[in-house]
Amino acid sequence: MTHVRHRHTTHFTVVGNHLAQHPTLSSTAIGIAVRIQSLPDGTRVGIRALAERLPESEYKIAAALKELEAAGYLRRSRERTAGQRIVTRTTYYECPDTERRPERPARPARPARPDHRTHPIHSTHPQPVDNPAPPPHPPAAPPTPTPSPPESPLVSPPPPPQERTPAADLLAGLRRSDARLALSVREITQLTPAVETWLARGVPAEQVSRTLTATLPGGIIVRASALLAHRLTEWLPPVLPPDPPAKAAAPPPAPFQECPHCERVFRSPSPGRCRDCRTPSGTEGHRGTAPGCT
């Protein structure tokens, strides 16, 4: 390689080899650093402002600025202006310093509070010398610190004990059909009233279990309780209508009787003669052969 050198007298920027030959910075970050170093103070060098001047996308420019900030060439801080606006102020360092930290103004020292035990109070009224000062009171014993109760760990309280009911047992046994339907005690307690509604409407427990476990989606079920709650709410059957009134049973037919006169068989609640063998006066008549005997 041969350099064709030219001595610049105007419109040039001095770039150190520590930036031009940086071992970890990408070419995009080095190029943007040179571009920022060549701009005068007060120029907007935000991501959108650089994207308007450079062919790189905002994503590449943002990644390059993060590289320069991590390498110590760039520092961005947010400040509040007089108009209560928050702006980002960018500072570029031609010489990188990874140990540099933003300087904070030193806090003013707090004035020392006067101690009356060591510094006496000057009074304008003279005190008699003959009266000696009263002896100081003995220092009071420091109060015994009360042991504070141990702090409870940041753990949610345990769920209430599960009540053994047919509805709760039905929900707990769903994981036998599908392991993805394993519910916690809290979820079973929340879904138990909905299952009890199904059972109260006359749906057998086996039918409720088949409804909840049929046609499940494939893969992982993230919230099994939400799926079961949706089915229990949307697929709830209506209340059964009242049973129709029972019809009165027909009386049983009369037993068969045999006429002792004509030996015909007819139905009658009590034994006797048939209709043809009875006269209107109730006396015995001739042996009839009319087909009206029943």
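Asp178 and Arg180 pair up through their side chains in a salt bridge, at 3.0 Å from N to O; the term covers a side-chain nitrogen of Lys or Arg within 4 Å of a carboxyl oxygen of Asp or Glu. Asp178 sits at 18% relative accessibility and counts as buried, while Arg180 comes out partly exposed at 28%. Here buried means under 20% relative accessible area, exposed means over 50%, and partly exposed is what lies in between, using a 1.4 Å probe and protein chains only.

The model is a predicted one, so local features need pLDDT of at least 70 and side-chain atom pairs count only at pLDDT 80 or more, whereas totals for chains, interfaces and linings use all residues. Residues are numbered from 1 along each chain as its sequence is written, and side-chain values rest on heavy atoms, with hydrogens and water left out.

Across the whole structure, the search turns up five salt bridges. One of them joins Asp169 to Arg164, with 2.8 Å between N and O. In this pair Asp169 is partly exposed at 34% relative accessibility, and Arg164 is exposed at 66%.

Another salt bridge brings Asp276 together with Arg264, at 3.6 Å from N to O. This pair ties together distant parts of the chain, twelve residues apart: Asp276 belongs to the segment after strand E4 (265–267), and Arg264 to the loop between strand E3 (256–258) and E4. Strands (E, at least two residues) and helices (H or I, at least four) are DSSP runs, numbered from the N terminus. Asp276 counts as partly exposed at 22% relative accessibility, and Arg264 is partly exposed at 24%.
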